[in-house]
Amino acid sequence: MSTGGVDSRRVVFSWVMLAPFLVLFLVFVVYPLIQSAFLAANQTFGPGTRTFVGTKNFELLISDPVFWKAIRNTFIYALGSLFVQLPIAFLLALALNSPKLRGRGIYRLIFFSPQLMGLVFVSILGALAFEKRAGLINQALDAAGINDLLVWVTGNDAWLEPDWLQQHVMATLILISLWLYVGFNMIYFLAALQSVDKSLLEAAEIDGAGPWGKLRHVIFPSVKPVATFVILLSMIGSLQLFELPYILLESSGGPDNKGLTIVMYLYQNGFDLGDLGFASAIGWVLALILIGLALVQVKLTRAQEVNA
Amino acid sequence: MHRITNTILALRGLSSGVWVIATLFVISLILVLVRQPEQEGDLQFWVFSPEHAEMYAPLIEEHDASHGVKLDMTVMSIAAIQSRMMSGFFGGLPTADLIEVEKAVAPQAFMGPVDAIGFHDLTDLLLEEGLLTQLNEPSLSPWSVDGRVFGLPHDVHPVMLAYRADITEAAGIDLTLAETWEEYFRMLRPLMEDKDNDARPDHTPLSFWYTNQDLIETLMLQGDGQLFTPSGQPVIANERNAFLLATIVSWCVGPDRVAIDINEWSASGHQEKVDGLAIGYIAPDWMCSIWKMHVPGLEGKLKLMPLPAFEPGGRRTSVRGGTMLGIPKTTQQFDRAWDYAKLLYTSPEVARQLYREVDIISPVRSLWDDPVYNEPDPYFMNQRKGRMYIELAPEIPLRPSSPYNKQAAIDVRDAALNLAEYANRNSVYNAEDLIPEAIRLLDRVQARVEQRMSRNAFAAEDLAAGDGEAQ
């Protein structure tokens, strides 16, 4: 009887301890989620105006070319992260994991430091670096004669002074994000590399494996779980891209919406046009994409566990 | 006794993490409870400009002391005001008693039916107190919906052309004789040589580019371009807009282009201004103080003149930017808020300081006789620039307050970009030859805006009403 009493008190105590989180979770996650689902079936236009439209917002979304452009841009950025940012981060981690390299700590700090500066600061510096005439990038390309080479190859005078943020928006966003995120992802890969079983590497070496053999048969399989996690994290972050283009493109989607992302389109509709219903519908589509990605990750992780 | 022992045993079993959390909870609770809340004023006022706040502070202090009221002024960013104001309006929650709203944000507050707008309708009050006739009429348009005024205008923001008089006068060119853009560009053609052989003219007549949305809007307004009717219907695809778009894009394309893209805000842009890369700059009154602050090296080298017109006899000015003061409906003290609004926006002291500190002209016409506006400005070669701006103030074009205007202006900017790409791709650089393509692109913009509006059940009613009117 007394044991039961202790247990029930423990249960009550557990709920009391959980209560602050639960209250916040209910107020700031569950309620907005339900409210946004309700809003997605409504149309709003300023305060006090709401009308039920059922699935119309989703139908309009599917037929909206600007939304598809936002999806395309967002996936281009996500693919850029996947195929450019993460390989560079991995290569850097490999280099910094080498015991032969001196001053590794300093390099780690240098590569990670853009994260410490913050996204807004990096965006502003990025905008300065990619300025048309005085920007560091164009000055460097000019000094190296690359601009002239590009003009000669493409026959297009625009390469003399490329306007990165007007003509090559997504490429510029990917390049600036490299600066910001490569160091961040590198830390994950570095941690994974440092936990690779040394005895496996020694065994591979004894079996005659070269650097590529060790990389392929020991290091890759060892860092695979972390890589899967980093890929998922990177994809989710990329699909939620907002601040970087918002700052760089001065709160618009850039020329001809070349830099419009899904979340920016959501923001435009919700806060510039006051159509919170349509914005909620965009939010739900994005949520479904993210849930899909998370499911793929769960499946991959389970498959790895089974194989292991 | 047994229960107490059991409780102690249960607590002893808790991890140290739980104890850390519990301790932090208790400490925070104590700190929150013992903290003395700051003394709040009777009214709240949100301002986005620290310069404005600095000007208002002494007047507010004086008014507070003589009336036994306290107005709390909070400076916050435009984005913060936007999100707080809109959250308040959408959620029906209290905001401030007075809010200073920037032009780009205000239309969002005007969404929906007129009676659902979050600000008080000031029209009747302005009429009763004779203020409506005292204010520069076109300056009311961005803050008006269906003929009702929802904010007190802070400024006029007429636009002139600031030009490098040191360079033009040294070359013997009297730009004041240029009445149209065509004449202006023709007069400056001799300065476009490339003496330093850097593959670009030493001086380009105008700082403007087809990607600068604000400047496109400014020039299109100057030329009587119109995106929306006063009642909110989109009229983007029209011949006048196509002519204007084709004209301004033609300035930026081809081997003989007469415009250059100089960043208006960056350090490199300021350096390029000093270097004289461009001769002319489109300059609203507020831009003068920006230049004085960021490009002091140009003091005594610039002059102002009315904008050259698109056609002989055409409008010689435009408008760019703006601010209003609104009183949200949630205020409990409307009368006091209105007193403050009048004090801050119609007092001669503030108007004088507004001009002296940030070169902004007051929209109150009765204050235009103030001698401060006649003072010569050494930055602009001792021109009486205040008087020059005032002479143009009544001519500024009307602007729409449609919540769809911002996106429509972005779409027009995209049309300009597409038109420039078309021009470069097809080597078509003449404005007249670009008009058919401009019409096609503006048709697309019109369709996009209409689609956006028709998506909204409420705006669609306006759209349908517009169709009815058109028929």
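1. Chain B falls into two domains, each built from two stretches of sequence: domain 1 covers 43-153 + 321-390, and domain 2 covers 159-319 + 398-470. The structure is a predicted model. Taken over C-alpha atoms, the centres of domain 1 of chain B and domain 2 of chain B are 28 Å apart.

2. On the contact between these domains, 27 residues of domain 1 of chain B meet 22 residues of domain 2 of chain B. On the domain 1 side, the elements of chain B that supply two or more residues are α5 (106-109), β4 (144-145) and α16 (385-392). By class, the residues on that side of domain 1 of chain B comprise 18 nonpolar, 6 polar and 3 charged.

3. Of its 8 residues, 6 are buried, and α16(B) is accordingly described as mostly covered. The buried residues of α16(B) are Lys385(B), Gly386(B), Met388(B), Tyr389(B), Ile390(B) and Leu392(B). Their cover includes β7 (159-164), α13 (285-294), β11 (302-306) and α15 (348-358) of chain B.

4. Met160(B) lies in strand β7 of chain B. Is Met160(B) buried or exposed? Met160(B) counts as buried, because 27 C-beta neighbours lie inside 10 Å, where 20 or more are required. Leaving out residues up to four places away in sequence, Met160(B) touches Met388(B), Tyr389(B) and Leu392(B), among others including Ala283(B), Leu304(B), Met305(B), Pro306(B), Leu307(B) and Thr317(B). The C-alpha atoms of Met160(B) and Asn426(B), which stand 266 residues apart along the chain, are separated by 34 Å.

5. The largest nonpolar core contains 133 residues, and Met160(B) is one of those with the most contacts inside it, together with Leu98(B), Leu245(B), Val249(B), Ala416(B) and Leu419(B). Helix α17 (residues 405-426) of chain B provides the largest share of this core, 10 residues. At least three residues of the core come from each of domain 1 and domain 2 of chain B. In soluble globular proteins, nonpolar side chains tend to be buried together.

6. Which residues does Val249(B) contact, apart from neighbours within four places in sequence? Val249(B) is in contact with Tyr210(B), Ala416(B), Leu419(B), Ala420(B), Ala423(B) and Leu434(B). Another core, of 35 residues, lies apart from the 133-residue core. Among the residues of this other core are Leu61(A), Phe67(A), Val122(A) and Tyr265(A).

7. Two residues of chain B that are not glycine may be checked for their backbone geometry. His157(B) has a positive phi of about 55° and sits in the loop between β6 (152-153) and β7 of chain B. His157(B) is buried, because 26 other C-beta atoms lie within 10 Å. Asp224(B) has a positive phi of about 65° and is placed in the loop between α10 (213-222) and α11 (239-250) of chain B. Asp224(B) counts as partly exposed, because it has 15 C-beta neighbours inside 10 Å.

8. For chain B as a whole, there are 19 helices and 12 strands. The C-alpha atoms of chain B fill a box of roughly 100 × 55 × 50 Å along the principal axes. Of the 471 residues in chain B, 46% are buried. Where contacts in chain B join residues at least 6 apart in sequence, 75% of them link residues at least 24 apart.

9. In chain A, helix α3 (residues 65-97) packs against helix α11 (residues 211-239) at an angle of about 150°, and their axes are 8 Å apart. The crossing of α3(A) past α11(A) is right-handed. From α3(A), the residues involved are Thr74(A), Tyr77(A), Ala78(A), Ser81(A), Leu82(A), Gln85(A) and Leu86(A); they meet Val230(A), Ile231(A), Ser234(A), Met235(A), Ser238(A) and Leu239(A) of α11(A). This contact is made up of 8 nonpolar and 5 polar residues, with no charged residues.

10. Between the chains, 30 residues of chain A are in contact with 34 residues of chain B. On the chain A side, α1 (2-39) and α13 (262-272) are the elements that give two or more residues, and α1(A) gives the most, with 6 residues. The side of chain A that touches chain B has 12 nonpolar, 10 polar and 8 charged residues.

Conventions: Residues numbered from 1 in each chain as written. Chains lettered and ligands numbered in written order. Predicted model: local features only at pLDDT ≥ 70, side-chain atom pairs only at ≥ 80, totals over all residues. Domains from an automatic or database assignment. Contact = placed C-beta atoms within 7 Å. Helix = DSSP H or I, 4+ residues; strand = E, 2+ residues; numbered from the N terminus. Nonpolar A, V, L, I, M, F, W, Y, C, P; charged D, E, K, R; others polar. Axes fitted to C-alpha atoms, helices over the stretch in contact; angles between N-to-C directions. Left-handed = near helix turned anticlockwise from the far one by under 90°. Core = buried A, V, L, I, M, F, W, Y, C linked by C-beta atoms within 7 Å. Buried ≥ 20, exposed ≤ 12 C-beta atoms within 10 Å, placed from the backbone.
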